[in-house]
Amino acid sequence: MSAFAAIAEQRSFSKAATQLGVGRSTLSQNVRALEERLGIRLLNRTTRSVSLTEAGARLLARVQPSLFALKAAADELADYRLNPTGLLRLVVQPPVGTFLIEPILARFMREYPGIQLDVAVVKMPADIVKEGFDAGIRLGEQIDHDMITMRVVGEVRFLVVASPDYLKNRPRPKTPRDLRHHECIRNRLPNGAIFGWDFEKNGRSLRASVEGRLIVNDIELSLRAVRDGLGLAYLLHDYIAADLKAGRLVPLLTEWSPRLSGFFLYHPSRRQVSGPLQALISFLKAEAVRRGVSPATPPSMGVYPSHRLVGRSRK
C-alpha cells in the first residue's frame, strides 16, 4: 500500500523509488503483486507516464489517511525511543543503592525527564517478574541463568574490620580461626539466617566459626557498632572504604578476603525491553565504561561460595 500510494502521489516509479529508498524493479513488483491480490488494475502505465485508474483513485482516497496515521504512530515511537517516557520499576540490593544509584540518580533523572523511576531497596530480591519490576541489580552469583545481564559494579570483596580502640588491648587475628577469640558483630538476613563469614586463600575456602553478643539486620547499625569498638565486622569493602582511608577502621585478614563477581543489572528478555529500561541500560553502560567496568556475564551459581549470600549453611 505504501508503494502504491507513493507512486500515485509522485506519478512516477523512479521518483517513488527514490522517496522510499528501494529499487524501481522492487517497487514495480510490489504494485503488480497488489493488483493481482486485489484482482483489479490500479495504475495505468506507459513508458512516459503513470496515472491512476478509477479504482486506484478510490483506493488511494481510502488508504491515504490510514497511511498518514501509521507514519505518525511510527514517528511517535521514534520520539519515544529518543525521549522515553513512563514508569520504570527497579529493585536493588542495599549496596547498589549506596554505591551506584545515589551517585547517578540526579544525572539520570535530569537526562530523562519523561521517566518516572520507582526504586525498591531490598536485601534479597525475589522474582522480579512476579513482583512487577522491570529489572533488578544484585550480586551476579544470585541471578537466575535465564536472565539477560550486564555488569554495573565491578568485582567486590568482603573484609574483616575493627576500630583502633578495639585492637588496643587485643591481638589481631592471623587466620580466620583466630576469630573465635573475638567479639564479632553478626548480620541477620531477611530469611532469618546469620550471614556467614567465609574466606578464601590460594584456592582454599574456609567458613569461620564466629560468635558475639551483637546481631543486627542493618548495615548502618553494623558500621556504627564497629566504629564504636564493640567488635569485629565482616562487610563489603565499598561500605567501609571511607572509614579505612580516614583510619577509623583497620582491615584484618586481607590475604583471606573473598571476592565476588560484582553487581549486575538483570531483566527477563531483550524482546520485552521498554523505552525507560532501554534508557537505563544505555545510561548504566556508559557509566560502566567511564568507570572501567567490564560488562561480563556473571558466573553461574555455585562457582563462588554463594551459600554465604543466601544464608544456607554448609553441611
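Me: Where is asparagine 202 found?
Reply: Asparagine 202 sits in the loop between β9 (197–201) and β10. Keep in mind that this is a predicted model.

Me: Is asparagine 202 buried or exposed?
Reply: Asparagine 202 counts as exposed because its relative accessibility is 79%, and the cut-off for exposed is over 50%.

Me: And what is phi of asparagine 202 near?
Reply: Phi of asparagine 202 is near 55°, a positive value in a residue other than glycine. For context, most residues other than glycine have a negative phi.

Me: What about leucine 253, what is its phi?
Reply: Leucine 253 also isn't a glycine, and its phi is positive, at about 55°. You'll find leucine 253 in the loop between β13 (250–252) and β14 (259–260).

Me: Buried or exposed, that leucine 253?
Reply: Leucine 253 counts as buried, because its relative accessibility is 6% and buried means under 20%.

Me: Switching to charges. How many salt bridges does the structure hold?
Reply: The structure holds eleven salt bridges. One of them joins aspartate 243 to arginine 248, with the closest N and O atoms 2.6 Å apart. Salt bridges that share partners also tie Arg227, Asp243 and Arg248 into one network.

Me: How accessible is aspartate 243? And arginine 248?
Reply: Aspartate 243 has a relative accessibility of 2%, so it counts as buried. Arginine 248 has 43% and counts as partly exposed.

Me: What does arginine 207 form a salt bridge with?
Reply: The partner of arginine 207 is aspartate 198, and their closest N and O atoms are 3.0 Å apart. Aspartate 198 counts as buried at 2% relative accessibility, while arginine 207 is partly exposed at 27%.

Me: Which residue forms a salt bridge with arginine 186?
Reply: That would be glutamate 211, where the closest N and O atoms are 3.8 Å apart. This pair links distant parts of the chain, 25 residues apart: arginine 186 is in strand β8, and glutamate 211 is in the loop between β10 (204–208) and β11 (215–216).

Me: Why does arginine 186 count as buried?
Reply: Arginine 186 counts as buried because its relative accessibility is 13%, and the cut-off is under 20%.

Me: Which residues gather in a patch of positive charge on the surface?
Reply: Arg177, Arg180, Lys201 and Arg204 gather there. Taking one of them, arginine 180 lies in the loop between α6 (164–167) and β8 (184–187). Arginine 180 counts as exposed at 54% relative accessibility.

Me: And which residues form a nonpolar patch on the surface?
Reply: Met1, Leu38 and Ile40 do, with about 260 Å² of accessible area together. Methionine 1 is in the segment before α1 (2–10), and it is partly exposed, with a relative accessible area of 41%.

Me: Let's go to the strands. Why is β15 largely enclosed by the rest of the structure?
Reply: Five of the five residues of strand β15 (residues 263–267) are buried, so the strand is largely enclosed by the rest of the structure. Both of its faces are covered: Phe263, Leu265 and His267 are buried on one side, and Phe264 and Tyr266 are buried on the other.

Me: In what sense do β5 and β15 pair?
Reply: Strand β5 (residues 135–139) and β15 pair in the antiparallel sense, over four bridges. There, arginine 138 stands opposite phenylalanine 264 in β15.

Me: How many bridges join β6 to β15?
Reply: Five bridges join strand β6 (residues 148–153) to β15, and these two run antiparallel. In that pairing, threonine 149 stands opposite tyrosine 266 in β15.

Me: Last one. How far apart are glutamine 278 and proline 84 in sequence and in space?
Reply: Glutamine 278 and proline 84 are 194 residues apart in sequence, and their C-alpha atoms are 8.6 Å apart in space. Glutamine 278 has its place in helix α9 (residues 275–291).

Me: What is the relative accessible area of glutamine 278?
Reply: Glutamine 278 has a relative accessible area of 37%, so it is partly exposed.

Terms used. Residues are numbered from 1 along each chain as its sequence is written. This is a predicted model: local features need pLDDT of at least 70, side-chain atom pairs count only at pLDDT 80 or more; totals for chains, interfaces and linings use all residues. Side-chain values use heavy atoms; hydrogens and water are left out. Buried means under 20% relative accessible area, exposed over 50%, partly exposed in between (1.4 Å probe, protein chains only). Patches are made of residues with over 30% relative accessible area and no salt bridge: like charges are joined within 9 Å, nonpolar side chains (Val, Leu, Ile, Met, Phe, Trp, Tyr) within 5 Å. Accessible areas come from the Shrake-Rupley method with a 1.4 Å probe; for residues, only the protein chains shown count as cover. A salt bridge is a side-chain nitrogen of Lys or Arg within 4 Å of a carboxyl oxygen of Asp or Glu. Lys and Arg count as positive and Asp and Glu as negative; His and the chain ends are not counted. The place of a charge is taken as NZ of Lys, CZ of Arg, CG of Asp or CD of Glu. Two strands pair if DSSP finds at least two bridges between them.
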